[in-house]
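Dear colleague,

I am handing over the structure that we spoke about, with the sequence and coordinates below. My notes on it come after, and I would be glad if you read them beside the model.

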Amino acid sequence: MMEFTVLTIFPEMVAAFWEHGIIRRAIERKKIFASALNIRDFATDRHQVTDDRPYGGGSGMIMKPEPLAGAIAAAEKTMPAARKILLTPRGRVFNQSVAWELAACEGLILVCGRYEGIDERICHGLIEDEISIGDYILSGGELAAMVIIEAVTRLIPGALGADDAVENDSFSNGLLEYAHYTRPPVFEDQHVPEVLLSGHHRKIENWRLESSLMRTLLKRPELLHGRELNNREREILKKWSDEIQRILEPYQRSKKRGDCE
Ligand code: 9D3
């Protein structure tokens with residue numbers, strides 16, 4: 001059982017997230033437990049203030065340390081072995097391999113900042129890890145926490161239904177997904193590739209690998225750098241390479257002769 005606790009001043013944002021789709025099913029199956037704590041409940045003053053002006057001046061507000069420390073302490077009490085993660089634009093960037101790393105934890109305490117940021121003394125003393133979900137500006141950590149919970153939950157054995165399980169392969173082989181088709185066989189003059197209707201399983205598998213490789217090379221070539229290729233994949237790339245060579249050959253000959261330009 002993996003446990004997630006989100007610390008936020010907007011617990012209603014994440015509450016709706018538990019109630020749908022894969023997260024809901026994983027909770028029902030007791031594969032994960034998810035909850036939120038309202039940082040405001042741990043404010044120490046009468047008006048439950050969670051932010052204050054920055055020392056040294058400047059624009060924007062900073063999250064006060066006391067309510068955050070109180071919320072983290074409360075979460076730790078029920079999950080002492082959980083990793084304490086701050087969602088922040090300066091964190092290491094989340095990806096599938098970070099998701100695998102987090103899936104190995106016993107629990108995650110996900111601390112969501114709002115405003116301009118949180119008091120640095122919280123980052124130093126109480127936080128073990130800092131994660132960003134990408135180089136763009138959000139208004140707080142809540143969406144990032146939900147992204148992480150969803151990606152990690154999908155990796156927990158038994159959390160996905162039998163129908164979803166196959167999907168785990170799509171990123172694990174390091175290639176983009178092949179092209180998908182369903183009925184009808186002709187849609188707005190576009191035909192489903194013949195081989196997919198053939199029932200020839202070996203040919204279909206080959207076509208799908210070729211589709212995956214082609215898409216990866218054209219849309220995300222950096223995924224192929226530093227990834228090992230098996231024999232079949234090498235064969236497919238060699239075939240294209242030869243084909244491209246044949247197309248370019250006449251130009252290369254004329255270049256050597258100094259024709260045209
Ligand atoms: C305009 C203020 N920013 C100067 C570059 C600093 C800033 C502070 C707080 C920017 C964003 C935020 C709120 N964002 C998050 O808390 C956050 C986040 C994000 O903005 N992008 C990607 N991942 C994450 S995780 C948490």
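This is a predicted model: local features need pLDDT of at least 70, side-chain atom pairs count only at pLDDT 80 or more; totals for chains, interfaces and linings use all residues.

Residues are numbered from 1 along each chain as its sequence is written, and side-chain values use heavy atoms, with hydrogens and water left out.

Helix H1 (residues 11-18) packs with helix H6 (residues 142-153) at an angle of about 25°, their axes lying 10 Å apart; helices here are DSSP runs of H or I with at least four residues, and strands are runs of E with at least two, numbered from the N terminus. The axes are lines fitted to C-alpha atoms over the stretch in contact, and angles run from 0 to 180 degrees between N-to-C directions. The angle makes H1 roughly parallel to H6, a term used for angles under 35 degrees. On the H1 side the contact involves Met13, Val14, Phe17 and Trp18, which meet Glu142, Met146, Ile149 and Glu150 of H6, contact being heavy atoms within 4.5 Å.

Turning to the salt bridges, the count comes to 18, where a salt bridge is a side-chain nitrogen of Lys or Arg within 4 Å of a carboxyl oxygen of Asp or Glu. One of them joins the side chains of Lys84 and Glu76, at 2.8 Å from N to O. Lys84 counts as buried at 10% relative accessibility, whereas Glu76, with a relative accessible area of 28%, is partly exposed; buried means under 20% relative accessible area, exposed over 50%, and partly exposed in between, with a 1.4 Å probe and protein chains only.

Glu130 forms a salt bridge with Arg90, the closest N and O atoms being 2.9 Å apart. This pair links distant parts of the chain, with Glu130 in strand S8 (residues 129-132) and Arg90 in strand S5 (residues 83-93), 40 residues apart.

Finally, Arg83, Arg92, Glu101 and Asp129 are linked in a network of salt bridges.

Notes:
Angles under 35 degrees count as roughly parallel, over 145 as roughly antiparallel, 65 to 115 as roughly perpendicular and the rest as oblique.
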